[in-house]
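Hi there,

Here is the structure I promised to pass on. Please have it open while you read, and my notes follow below.

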Amino acid sequence: MTSPAVSSRDLPHPTLEEIRLEGVLHALSDPLRLQIVRDLAAVDDELSCSYFDLPVTKSTTTHHFRVLRESGVIQQVYRGTAKMNGLRKDDLDGLFPGLLDALLDAAARQAGRLGGA
């Protein structure tokens, strides 16, 4: 169970003990969510939700970010009016050594093979 939000601006995140491999794999099984994670990994910093130009509605974009947050793949925090997203790379590497790097490498090879970014 994720920790409860204290206010509407505090977003619930799973603790390290609550992050499950199947949840992470499910979150990364969607191409748009995988692209979000690839973008976050490429900059090794936080990016605002508005940075991502996804070909879906705002509500669907919100859903994708929520799935990534609730699975423990990303951390979301408000900085002023912007909701910032950061990859929980250290947490994921500690729990599942090499998994994130292997998935990101495979996604990059696939994108290159298919002519994508």
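Predicted model: local features only at pLDDT ≥ 70, side-chain atom pairs only at ≥ 80, totals over all residues.

**What covers helix 1**

Which residues of helix 1 are the buried ones? In helix 1, which spans residues 21-28, they are Val24, Ala27 and Leu28. These residues sit on the same side of helix 1, because they cover an arc of only 90° around the axis.

Leu103 is found in helix 5, and, leaving aside its neighbours within four places in sequence, Leu103 is in contact with Leu25 and Leu28.

The model has an open sheet of 3 strands in the order 1-3-2, with antiparallel pairing. Its edge strands are strand 1 (47-48) and strand 2, each of which pairs on one side only.

Strand 2 (residues 74-79) and strand 3 (residues 82-87) are joined by 6 bridges in the antiparallel sense. If you want a place to start looking, Ile74 stands opposite Leu87 in strand 3. The hairpin made by strand 2 and strand 3 has 2 residues between the strands, and Gly80 takes a positive phi there, near 70°.

On the other pairing, strand 1 and strand 3 run antiparallel and are joined by 2 bridges. Here Ser48 has Met84 in strand 3 as its bridge partner.

You will find Asp44 in the loop between helix 2 and strand 1. Asp44 is exposed, because its relative accessible area is 68% and the cut-off for exposed is over 50%.

**The largest pocket**

How much space lies in the largest pocket? The volume is about 290 Å³. Its lining is made up of 15 residues, and those nearest the centre of the pocket are Cys49, Lys58, Thr61, Thr62 and Phe65.

Which element gives the most to that lining? Helix 3 (residues 58-71) does, with 6 residues. Sorted by class, the lining holds 5 nonpolar, 5 polar and 5 charged residues.

The C-alpha atoms of Leu103 and Cys49 are separated by 22 Å, and the two residues are 54 residues apart along the chain.

Happy browsing, and do write back with any questions.

Best wishes

Technical notes: Residues numbered from 1 in each chain as written. Heavy atoms only, no water. 1 Å grid on protein atoms, 1.4 Å probe; cavity = no way out; pocket = protein on both sides within 12 Å on 5 of 7 lines; lining within 4 Å. Points joined across faces, edges and corners; volume = space filled by probe spheres on them. Helix = DSSP H or I, 4+ residues; strand = E, 2+ residues; numbered from the N terminus. Nonpolar A, V, L, I, M, F, W, Y, C, P; charged D, E, K, R; others polar. Buried < 20%, exposed > 50% of the residue type's maximum accessible area, 1.4 Å probe, protein only. Arc of directions from axis to C-beta. Pairing = 2+ DSSP bridges. Contact = heavy atoms within 4.5 Å.
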